[in-house]
Every structure is written in C-alpha cells, then in structure tokens.
Amino acid sequence: MAVFDTPQEAFGALRPACVQLTRAQTAENVWRLQARLAAVSAPALQQLQEYVLFPLRFALKVPGPKPERVVLSVVQCAASVLAATCVKKPELLQELFSELCTCLSAPAGSGTAASPSEELKLAVIQALHTLMHSAYGDVVMSLYQPSTLPLLGFAVSLLLGLAEQEKAKQIKLSALKCLQVLVLQCDCQEHRQLDEDEAQHCGDLFASFLPGISITLSRVITGDIKQGHKSTVAAIRLFYLVVGLVMADTQLARIPKKKEKLPEEQSRISELMVHRGPDWSRSTAEKLSLLLQKVVGFSSVHPHWKVRLELVELIQHLLRNCSRSLVDSFSHLLKALVGLVNDESSEVQSRCKEVLQGTAEQGLVAHNRALTDVLSENLHSLATALPRLMNSQDDVGKVATLSLLLGYLKLLGPKISCVLNSVSHLQRLSRALVQVLELDVTDVRVVEGRRWGGPAGSLVPCLQRGARQRKHFRFFAEERVFRLLQQVCRVLGYYGNLYLLVDHFLGLYVESGAYRKQAAMVLNELLAGAAGLAVDVLQQRDTAPSPEDLQASVTSILDEYTAQANWYLITSLDTEEMSPEQPVQRPGGTRSSVLLLAPEPRATARTMNSNIWQICIQLEGVSCFAAVLGRQFRLLLLSALYPVLEKAGDKTLLISETALGTLADICEACAYESLQSLINDNSDYLVNGISLSLRQLAHQSHASQVLDTMLRHSDASLLPLVEDVIQDVLSALDQSYSNQAATFLGVLHSVMTALVQWFGSSCSEEQRQSRPVSQGQRVLTRHEVQRFFLDYVRQKQIAEGNLPDTEEEEEAAEVPVLAKPEPDNSAAEGEAALPSHAELAKAVLERCIHLLSDRSLRVRLKVLDVLELCVTVLHPHGNHLLPMAHRVWPALVTRLISDDPLAVLRAFKVLCTLADKCGDFLRQRFSKDVLPKLTSSLLSQAPASARAGPMYTHTLAFKLQLAVLQGLGSLCEKLDMGESDLNKVAGACLTYLSAKQPLKLQEAAQSVFLHLMHMDPDSTWLLLNELWCPRPWQPPHASLRPPQLSGMGRQRDDLTDSVLLLLDRLQQWESSTETPPP
C-alpha cells in the first residue's frame, strides 16, 4: 500500500535516492530507488515522472562501457515507472524510445561478442512494450512522423533481428508482440482504433518497412518447427496485420497517382518515404504473392492446429481488406482456405466454414470481377488436372483435391451460371466428372447374384427406403470421395443453369456408352441439387427453378432412361431373356420404332456387369426424381411405374433390390402409405399394360415380371383386378406350350405363391378344424365311429379307382348318419361352388398335368414347383383335390422313377406335400408304384456313399439320398403304411445307420426310425435289438425263459452307435409318455 500520496511527500522520499543514483550509477542505487518507488502512489509519481526518470536516463547516457547488471536494473526500474505513469510529452516519448533501442544494439566497435544478454534483451523489449502503452493517443502519433522514420526503422530492424535470430522462445515471442504494438496493431483494449486518416498516414509510413517486415516474418514463419507454435502464430498475425494495413484497398484508392512535392527541408526525409502509387502496388503485390505462397504452403500443413487456425485468420483478413490489391495471391489463399474445411481439428473446420460463409454472404467474390476470374481460372485448371490427380493420389489427397473443387464452386455461388456459359469450362468440368466417376465393372459377383424365389408362400415382407447399392469405382474406394463428388454435382445443379446442364450431360449420356453410367449419376445429382435436396451451400441462389422447369427436366431424362435401348440391356445369358426383334409398345405410351434385339451369345461378364450398374443407376435416378417432384411425380407414374415394377421382378439380385428401394422412395414421395397402396391405386393402368404386353412375344417375360412384383407386394384385394390377366396367361399358355411355357410358368408360380400367402392361413385353419383332436378326446360317440368306417370305405374305393357315378349316393349314405354335419363334409363341398382362388388353382393344376412330361428339364422343374403350390391351395377342397391327384399321379410317378436327378428331387418334395394334404388316399399307389423304386435306389446307392470322401456331400446323388431319407419317415406316417411296407423301409434305411455313411445321411436315417417308432414301436425295438442288444433282458417271472435276441453278445460294429442312440430315445419316450410323440 502506498505511503506517500502527495507529490511533496513523495519528492522528499525519492530525492535522496535520485541524487545518490545521479552521483553513482550502481545497481544498488537503482534498487534503492526502486524500493522507494514502491511506497509512492501513482498520482504522486505521475507528477514526479520526469524527475524520477532523469537519473535513470542519465545512467544510460553516461559515456563509456557500463556494467550490464546496471543497465538491466535501470531498464527494469524505468519500465516500472512507465507502467505506473503516462507519457504526456512527445519529446520525452521519442527520447525514451531512442534510449531503449540503443540498449538493444551492441556498442560500436565492440563486436558481436559484446551483444546484450538474453535477460537484458527481454527487459528492453518489455520496457519498449510498456512505453508504447504508457503514451496518450496524440503523443503516440508524434512518433509516427516522417521525421522519426529513421528512429522507427532502427527499432523495427532491431526487433525483426531478434525475432528471426534469437533462439530463446520468450525473446522471439516478446519481440513479435512488441513489433505488433509498434505498428499500432495491438490486440489490447486500451488502444483506440485508428481513424481513417491516421490509418492512411501510418500506411504511408510503414510502406517503407513492408519489404523488410514481410521477408523476415516469412522466414520466421517457415523456420525451424522447434521454435514452437506460439512464435509462428505471432509471426503470421503480425504479417497479415502489416500487409493488411499497407495494402488496404481503401487506402490505395485514395493515393494520388503522382507523389506530392515536399518542402526542401523535408526533401531528404521524403526520399525515405514510399509513394504507394499503382506501379508500386502492382510490383509489391507480385512480390507478396511469392511470400504468401511460401507462407500458406508451410502453414497449411503445420502439425499444430493453432498455426492452421491463424492461417485462416490471415486469409480472412487479407480477403476482407486487400481483395483488389492482392487479387493475384488469392489463388493460393482460397486454395488453402477451401482445403482447411476438412481439417482434422474441429476448431479449424468450424472457423474455416465461418470464413467461407461470411465471404459468400458479403459477396466478396460475386461483387469482385477479378476474384471471380481467379476462381474460374483455378476451377478450369483443377478440372483439367482432376483425372490425373485422382489416378495418382492416395485417398487423403483425393479428398483434399475434391474439397478444393467443391470450395471453388461454393465460393463462386451464383457466378457458376456465368462461368459455365463458357464452353471450355463446361466441357472440362463435365469430362473430368465422367472420367473420375468411372465404375469398376470387373466384379463377377454382380452378375452371379440372382434373385431366387423363396419357399412356397413366402413374399418379400418389407422394403428399404432410400437404399442405394454401394458402388465400386475405378479411381477411388473411399466413401468420402464419392460423397464429395455428389456434393460437387449438387452444387452445380443448385447454382447452374438447369436446362444447360441437363442438355449437356444428356448429350454425353447419348454420345457414348463409356460415359453413360457416369452421366446418369451426374444427372441424378444435378436434379437433386436443383431442388435443394441435401446440398451444402454458402449462400442462397438468386432464383430457384420452378416446379414446371423441374418436371420438364425430369420428363426428358426419364424418357431417355426408359428408352428400349437403355432399359432392356443384357444382364445374363439366361435363354429366358432372349427374344426376337419385335416393335415395342410401352403401356401408356406410343409405339416405339426401336427394336428389341436378342442378346448376343458372346456377351462378356464385364459387359453384363456394366449393364446391371447402368440399370441400377437409372433406377436410383427415378428415386431421385420422385424426391425432387414430390406429389407431382404422380403425374409421371403412367410412364415410370410399369418399368420400375419390371425391374423389381428381374432375376438379377442387384437390379431387383435397387428397384424395390425405388418403389419405396416413390411411395414416400407420392404420399402412398405402402407399396400395396401404390399398386392397388394404379392397378387399372398396370393390368392394361400387362394385357398388352402378353400379346407381344418380345414382352411376355417383362409382363410376367410386373405381375410377379404386383402379386408379391399386394394382398388378396388385388385378385379380382388381376383375375382376367391370369386367365389371359392361361389362354396364352394353351396356345404356346412349345416355346413360351417357361415364361408363363414363372407367372403362374408367382400367382400360386401369392395365393398360398393370401389364403394359406385359412387353408391351415380349415385343416386344423378338420383334424380330430388326438389328446384329451378319449370317448367317441356312436355317430363318430359310424362316420369313420363310412369314410374309410369311401376313401378305399377312390384309392382303388372305383369312383362313384353320382355324389347323391354318398350324400344319402352320410346325411342320416351325422346329426351335425362337419364343415368340411364332402357332400357340402360338392354342392358349394369353389372360391375364385381355388378355381384358379384347379385351372393351373390342370395345365401342370400336361406339362409334367415336357422335354425341357427347366419346364418340368417349374411345373413341379407350381404343382406343389396348387396342392396347398386346393387342400381344403378334398372333392376336387383327390380327383386331380388321381390324374396327376401317373406323370408324377414317371418323374420320380425315370427322370433327371434334379427332377426326381423336386418330384419327391411334391410327393411329400401330396401325402401331407391327401393322406392315406395315396397309400396303395405309393406302396405299389414308388416305394419299391425308392428302397432299391437307396440300397444301390448305400455302398457308394459309404466309401465316398468329403466331396461327396456336394454331389447331386448325395442331395437326392438325403432328401429321400429326410422325407421317407414322415411320408410313411402320413400315408399310414402297412407292416410289410414299413419293413421294406426299415431294411433300406438300416445300412445308412452305419458310421461309414456321411453324418447327415446317418441323421436322416435315424429320423426315419424315429417315425417308425411312432408307428410301430414294438417292431422297431425288436429290429434294433436284433442288430445290437446292449444288455440281457430278464423275464418278469422265473417261470419264463430269458429272451434270446440276435444282437446279444455281438461285437460292436459300424451300426452300434446309431442303434444305441435310437434305443435310448425309445426308452426316454416310454418313460415320459405312453406313446412316443411324432
């Protein structure tokens, strides 16, 4: 706390110390004075400022060498006085400034060895810093006059030398901060901002120092990284503050072209002054451009994020203040600014985006013709080099290059439209995009991926909205690179002339097949950008395209996409897809003169891969167009929906999945609740299109794909709408069994799959209701027993082929018996008309009977699939199913015993379904016609499978054995086979219990015996014990002899493990329940 508050008291306390210091300049005297100063208040010290500073200044002016500790203590004491007081006299400021600067320079003739110590240098720099802060505004400005230019130059050179050459980080940083104060660009709040005239005056003055300051600071910035980031940041800040002051556009605009003549007494001083005329400005800008390129190149890759952040501030400051004078430098500045948008530091990223946003909002580029020219030239150069860079750089470099391209476009903003009016710019940019977006079409898996129909009754349950397939590009693999390219295209669409861009890229699309996929991707993104979908821009465009403009562009692109030559491409060598040349009439459109060409037999996998991706990209385009137009896209459904549904039914997996995603996007854009609603609302147009296509040989396969998709994604309410179409399919099949059977069978398979899905639950419910409850129903009534025997007699007559002439006889026999007829009574079925879906299934089944003996294996396999579905649908209607089963049996037996193994496999599956639905109706037929062949086949194949290696499991013979063994047990149980037949089955399956057989065949054979246990557990137990008896059986009474079984005492063999497993299962069942469960 101060003790001396008045000047008088302070003078009395300070006078002895000041006199003593004046007499003897020692460090102890300086310290004594400083100790007294601590007890003096600031107002009192202000009154005695010059009196106290006199002995200190005198100590510095004494001729001859002075001990450094004395100088150091004097400087520190003077700094403490200046910190507590204000300099109010210009003369005092200049004298103190000169004396302190002298302390930093080595004495004349002393050599470099006598240079001041680091402590003294730091103290002098801090004293200078304090001196500049202690002066009032007018007093400070007295230092910045032409007459003081040599003194300022001396101080600037000293501080620059320290900043560049000193190794001590603190001295370098203090020197840079002191320089910043010296050029009146201090960051503190104490200094007021220079007004316009003062800034103009200082700019004229500092122009003389600009070369030395800028060159030295550029060396500091690009110096050894070990100097630390703080010195680099301070140097960058000082660099752009000085350059921004001297090269400010507002100041240079006020400079007269010719230098004013000064009085003779100031002529020598005027030689030191620089006239910032046009010639000087142009020359200086060229030299600064080289320095800026060096500074930006080093700082943009500096490891410390604060250096990169300060670089962003440099760019913003110069762009705001020197956008005209340094226009040639902005090529490098903007490149660095755009590149830092993707900096690893979030602080740098956010600040960089703010600067870009502010630059765009202020219109610094849009309202500056020179900057626009620079950016457009940079854009042209980068577009020219883009393919080469994308081919040679790594992923990080590619991201940086594309970020730069995107940044140029964002900065140009609305000026993009003017730039792209240049044919050279548009062609360079478009060619670069289509070359960079080239796809890699060498992956054969794209061609191999096929859409297989699921199991009977299964339909696609849901769709993925907006699902886009991941593409593989030739020149890059990083997903970020593709996202940047998407943004480039969308920014072009957002700001550019939509009609010009669409017309240009459609020209590229039509021009060459090599550019078609890339041009389509660009077109899709252009439309998304034009609609403002997911586009990141810095400023809003002047005018947005109208809905009519968007719809016109979408219509033209959509017509090109769905043209015959671009939509029906070779995607596989499947003979189904080959069709002769036919003129095409698209539903809802006009007849096209384009011919559908049959695919070339030598189409390569590369060509088919390319075609698949082209179709997928075009489908993604339809999704994009729907999102662009929203509900207005409903007007285009007439031309777009049918082709998309075609591709949703395509056998190529990639195309099918993409088309389903497109349909989901259309539903969302057009405000349909689901795909089912979309199909039902447009069913009249779709059904009409299918009917027209069925009459054209070339388009029957496409019509089947549309119908397949409609059925897969709708419900039973669609059946009345498509019933006439299905009848047309049946009629067309009747007329072209020979050459189009495979196509129509695909349609019928889709129809029957849908019927099973739609009506399968009701069929299962009726089946459950028709079956008596086995558990809990122990007492049968007289009527139920009587009905059982009557049904048994009737079924046996039908099985033997003795069909009754009239149904009235059976009705007369059955009606009196039952007091309450069951819902599935055969008489009631005969009287009631079949539902429409059952009638349809019956009609399809009749066609299948005729096609089961077709020459083509493909057709026979499809027929068997359709046949199985028909049986499932007709199951509740026994009076119609059983006669049809009777008719289909001979052809089915032929497929089972004398056909290709694939057909045998499929036919056996159908047989299992028939047995499940028809029950013991097929018992005698199966026992007579099929079982002997099956058992003999199993017995003949057993030795081969027993000695086969692990590769045998991949053969068709193994799959056939496995299917028969897996289904034989349940087949016998469902048909309620007799004892002799069960013995044949057991004998054929015994050899497959051997450990020599493949494991899956052993498990399948065990499942057969599990079913046999259910049917006849005693016989099965005896058979297994004859093979291997694990323990002797003791009779329940001593009077009985122990049983003698062949398996007793037998050595373990290859059948032992399976037999033991089966016997254990049988024992578990007997201990838990009375009878083993099925």
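This is a predicted model: local features need pLDDT of at least 70, side-chain atom pairs count only at pLDDT 80 or more; totals for chains, interfaces and linings use all residues.
How many disulfides does a search of the whole structure find? The search returns zero.

Let me turn to the chain as a whole. The protein chain contains 50 helices and two strands. Of its 1078 residues, 52% are buried. As for contacts between residues at least 6 apart in sequence, 77% of them join residues at least 24 apart.

The crossing of α6 past α9 is left-handed. On the α6 side, the contact is formed by Gln-94, Phe-97, Ser-98, Cys-101, Thr-102 and Leu-104. On the α9 side, the residues are Leu-151, Phe-154, Ala-155, Leu-158 and Leu-162. Sorted by class, this contact holds eight nonpolar residues, three polar residues and no charged ones.

The next pair is α34, residues 683–694, and α35, residues 700–712. Here the angle is about 150° and the axes are 8 Å apart. Why are α34 and α35 described as roughly antiparallel? That term applies to angles over 145 degrees, so the two helices are roughly antiparallel to each other. Their crossing is left-handed. Helix α34 contributes Leu-686, Val-687, Ile-690, Ser-693 and Leu-694, while α35 contributes Gln-700, Ala-703, Val-706, Leu-707 and Met-710. The contact of α34 with α35 comprises eight nonpolar and two polar residues, with no charged residue.

The remaining pair is α42, residues 857–874, and α44, residues 901–918. The axes of these helices come within 9 Å and cross at roughly 10°. Angles under 35 degrees count as roughly parallel, and α42 and α44 are therefore placed in that class. From α42, the contact residues are Leu-857, Leu-861, Leu-864, Asp-865, Leu-867, Glu-868, Val-871 and Thr-872. From α44, they are Leu-902, Ala-903, Arg-906, Ala-907, Lys-909, Val-910, Thr-913, Leu-914 and Lys-917. Which classes of residue make up the contact of α42 with α44? There are ten nonpolar, two polar and five charged residues.

I now move to individual residues, beginning with the loop between α10 and α11. This loop connects α10, residues 169–182, with α11, residues 196–206, and Gln-185 lies in it. At 19% relative accessibility, Gln-185 counts as buried, because the cut-off for that class is under 20%. Apart from neighbours within four places in sequence, Gln-185 is in contact with Gln-180, Leu-241 and Leu-245. Leu-184 is found in the loop between α10 and α11 as well. Although Leu-184 is not a glycine, its phi is positive, at about 60°. The relative accessible area of Leu-184 is 17%, so this residue is buried.

Within α11 itself we find Glu-198. Is Glu-198 buried or exposed? Its relative accessibility is 13%, so Glu-198 counts as buried. When neighbours within four places in sequence are set aside, Glu-198 is in contact with Met-141 and Arg-192.

Lys-258 sits in the loop between α14, residues 249–252, and α15, residues 267–272. With a relative accessible area of 69%, Lys-258 is exposed. The C-alpha atom of Lys-258 is separated by 8.0 Å from that of His-275, a residue 17 positions away along the chain.

Asp-976 is placed in the loop between α46, residues 956–975, and α47, residues 979–990. Phi of Asp-976 is near 55°, a positive value in a residue other than glycine. Asp-976 has a relative accessibility of 47% and so counts as partly exposed.

Methods: Residues are numbered from 1 along each chain as its sequence is written. Side-chain values use heavy atoms; hydrogens and water are left out. A disulfide is a pair of cysteine sulfur atoms within 2.5 Å. Axes are lines fitted to C-alpha atoms, for helices over the stretch in contact, and angles run from 0 to 180 degrees between N-to-C directions. Helices (H or I, at least four residues) and strands (E, at least two) are DSSP runs, numbered from the N terminus. Angles under 35 degrees count as roughly parallel, over 145 as roughly antiparallel, 65 to 115 as roughly perpendicular and the rest as oblique. A crossing is left-handed if the near helix is turned anticlockwise from the far one by less than a right angle, and right-handed if clockwise. Contact means heavy atoms within 4.5 Å. Ala, Val, Leu, Ile, Met, Phe, Trp, Tyr, Cys and Pro count as nonpolar, Asp, Glu, Lys and Arg as charged, and the others, Gly among them, as polar. Buried means under 20% relative accessible area, exposed over 50%, partly exposed in between (1.4 Å probe, protein chains only).
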